[in-house]
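Let's take a walk through this protein together. Have a look at the picture first, and then we'll go through it piece by piece.

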Amino acid sequence: MSLLYKSQVTRGQAWQAIFSREMPDLAFHIWPEPCDLKAVKYLVTWQFTPKLIDSLPALEVIFSVGAGADQFDLSHVSAHIKVVRMIDTSISDGMGEYITFATLYLHRHMMDYHHQQAAGIWHEIPLIPGPKRTVGIMGLGQLGQVAINRLKPFGFKLRGWSRSAHQIDGVEGFAGEGELKAFLAGCDILICLLPLTAETTGILCRSLFESLPKGASVINAGRGGHLVEADLIDALYSGQLSGAVIDVLSVEPAPATHSFFNHPRILLTPHIAAMTDADSAGHVLLDNVRRHRSGQDMVGQIDRKRGY
């Protein structure tokens with residue numbers, strides 16, 4: 001039996017070295033090097049095609065190289081195959097840093113100051129103290145809770161929304177479709193860290209933006225599929241939103257002609273909010289393979305019915 005890695009090559013080589021040293025009995029192949037596909041038990045990837053899955057009859061586990069697994073189309077994957085997302089402190093720490101940066105960037109009017117600098121304008125914008133600014137987090141899983149913990153020291157009023165109810169100290173909680181509008185109505189800065197499901201696809205849309213206070217701003221570090229891009233442009237043009245920090249798009253990499261690149265009220269980053277550290281994540285993968293081989297539950301295994 002073997003493991004097939006199909007993602008960024010440099011990281012794959014680092015992980016191959018870890019497995020060669022610590023689990024030498026499991027062959028570690030990096031796509032597209034030749035290997036016996038019929039012997040592949042583990043697939044480690046960010047994306048796959050139905051054709052690839054069909055070529056792996058012995059496949060038992062699909063490991064995502066990232067924190068999510070919602071990018072996978074599991075309709076072509078047999079129910080007995082387990083799907084595991086990457087849970088690693090390097091990913092959580094990176095997301096915490098990014099959300100902190102993006103929130104402070106919007107809170108302290110840095111977008112406006114950047115434009116003023118380019119125009120040669122020296123002008124103070126009144127500061128809104130942290131306790132008078134409400135930050136809302138959509139998605140209260142591992143990354144959402146990391147974001148909350150990073151933002152608490154700044155004194156923001158924090159509120160959170162998810163599909164099911166959560167009790168988090170210092171956070172005003174909302175749950176389900178019935179409480180979404182009430183949640184949005186108080187958010188000056190809205191952060192999306194939701195998993196991408198059928199219910200959350202396109203959730204960042206015109207009706208949601210209209211439910212926010214006029215002049216609110218948005219951070220999307222979840223998935224590109226959460227955002228209706230044309231609705232964001234319209235909301236910024238009308239003044240309903242004052243700015244946005246966007247790390248993910250539906251089509252990546254974005255073409256040079258994408259409207260977000262030159263939009264004055266959008267800061268666009270190339271899906272770098274959370275990045276997998278090769279060494280630490282390689283050992284997380286190694287530990288999960290060991291767990292699977294010994295019949296233990298794997299860390300990060302998703303519920304196939306829920307998609308996360």
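**A partly exposed histidine, and what lies inside**

His-271 is partly exposed, with a relative accessible area of 28%. Keep in mind that you're looking at a predicted model. You'll find His-271 in the loop between β12 and α9 (278–293), and its phi is near 55°, a positive value in a residue other than glycine. Why point that out? Most residues other than glycine have a negative phi.

Now compare another histidine with a positive phi: His-109, where phi is near 60°. This one sits in the loop between α3 and α4 (110–119). At 16% relative accessibility, His-109 counts as buried, because the cut-off for that is under 20%.

Among the residues in contact with His-107 are Leu-127, Pro-129, Arg-133 and Phe-156.

What about the nonpolar residues? In soluble globular proteins, nonpolar side chains tend to be buried together. Here the largest nonpolar core has 48 residues, and those touching the most other members are Leu-3, Trp-15, Phe-19, Phe-63, Ile-99 and Val-289. Helix α3 (residues 89–107) gives this core its largest share, seven residues. Zoom in on Phe-19 and you'll see that it touches Leu-3, Phe-28 and Val-289, among others. A second, separate core has 28 residues, including Ile-203 and Phe-209.

Finally, check the backbone for cis peptide bonds. One joins Trp-31 and Pro-32, with omega about 10°, and Pro-32 is in the loop between β2 (27–30) and β3 (40–45). Another runs from Glu-252 to Pro-253, with omega near -5°.

Terms used: Residues numbered from 1 in each chain as written. Predicted model: local features only at pLDDT ≥ 70, side-chain atom pairs only at ≥ 80, totals over all residues. Heavy atoms only, no water. Core = buried A, V, L, I, M, F, W, Y, C linked by side-chain atoms within 4.5 Å. Buried < 20%, exposed > 50% of the residue type's maximum accessible area, 1.4 Å probe, protein only. Helix = DSSP H or I, 4+ residues; strand = E, 2+ residues; numbered from the N terminus. Contact = heavy atoms within 4.5 Å. Lists of a residue's contacts leave out its neighbours within four places in sequence.
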